[in-house]
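Q: I have the sequence and the model open side by side. Please walk me through how to read the packing features.

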Amino acid sequence: MKIQESAENYLETILVLKKKNGVVRSIDIANDLGVSKPSVSVAMKNLRNGEYIEMDKEGYITLLDKGREIAEKIYERHTFLTDWLTSIGVDPTVAAEDACRIEHVISAETFAAMKKTLKTK
């Protein structure tokens with residue numbers, strides 16, 4: 001199932017925050033993405049309904065298997081593209097911003113070809 005770019009961003013953010021902090025709450029996501037708490041609440045409800053995440057009684061968020069799969073795919077694309085753009089002289093801040101846009105639209109075929117080509121150089 002194809003999910004919206006915003007949902008991919010939320011899943012990626014949950015993955016990154018979990019790696020960084022060990023736990024993730026809605027307020028952490030809101031602060032990281034610079035969005036309102038109500039926006040995060042709506043997104044978390046949609047992700048729960050889609051069975052991408054679960055939230056316990058204390059409000060801690062955990063990625064479920066299909067949510068983790070998407071988050072890891074997007075995160076891999078983001079880090080690879082950021083590193084590559086930086087390596088060709090793009091300012092790191094601009095590289096990260098551009099990678100964030102590209103990671104959602106690039107096909108799996110193109111991304112695999114880029115990884116193969118660029119890792120052999």
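A: Start with a charge over a ring. It counts if NZ of Lys or CZ of Arg is within 6 Å of the ring centre and within 35 degrees of the ring normal. Here the charged end of Lys-66 sits over the ring of Tyr-52, 4.7 Å from its centre. This is a predicted model, where local features need pLDDT of at least 70, side-chain atom pairs count only at pLDDT 80 or more, and totals for chains, interfaces and linings use all residues. Residues are numbered from 1 along each chain as its sequence is written, and side-chain values use heavy atoms, with hydrogens and water left out.

Q: At what angle do helix H1 and helix H4 pack?

A: Helices (H or I, at least four residues) are DSSP runs numbered from the N terminus. Axes are lines fitted to C-alpha atoms over the stretch in contact, and angles run from 0 to 180 degrees between N-to-C directions. H1 (residues 5-21) and H4 (residues 65-87) pack at about 85 degrees, with axes 8 Å apart. That makes H1 roughly perpendicular to H4 (65 to 115 degrees).

Q: Which residues make the contact?

A: Contact means heavy atoms within 4.5 Å. H1 supplies Glu-8, Leu-11, Glu-12, Leu-15, Val-16 and Lys-19. From H4 come Gly-67, Ile-70, Ala-71, Glu-72, Lys-73, Ile-74, Tyr-75 and His-78. These residues divide into seven nonpolar, two polar and five charged. Nonpolar covers Ala, Val, Leu, Ile, Met, Phe, Trp, Tyr, Cys and Pro; charged covers Asp, Glu, Lys and Arg; the others, Gly among them, are polar.

Q: Is Thr-13 buried or exposed?

A: Buried means under 20% relative accessible area, exposed over 50%, partly exposed in between (1.4 Å probe, protein chains only). Thr-13 lies in H1. It counts as buried, at 7% relative accessibility. Not counting residues up to four places away in sequence, Thr-13 touches Ile-29, Asp-32 and Leu-33.

Q: What about Leu-33?

A: Leu-33 is in helix H2 (residues 26-33). At 32% relative accessibility, Leu-33 counts as partly exposed. Leaving aside neighbours within four places in sequence, Leu-33 is in contact with Tyr-10 and Thr-13. Its C-alpha is 8.8 Å from that of Asn-9, 24 residues apart along the chain.

Q: How many aromatic pairs are there?

A: Rings of Phe, Tyr and Trp (its six-membered ring) pair if their centres lie within 6.5 Å; planes under 30 degrees apart count as stacked, over 60 as edge-to-face and the rest as tilted. The count comes to one pair. The ring centres of Phe-80 and Phe-111 are 5.4 Å apart and their planes at 85 degrees, so the pair is edge-to-face. Phe-80 is in H4 and Phe-111 in helix H6 (residues 108-119), 31 residues apart. Both are buried.

Note on methods. Helix = DSSP H or I, 4+ residues; strand = E, 2+ residues; numbered from the N terminus. Parallel < 35°, antiparallel > 145°, perpendicular 65-115°, else oblique.
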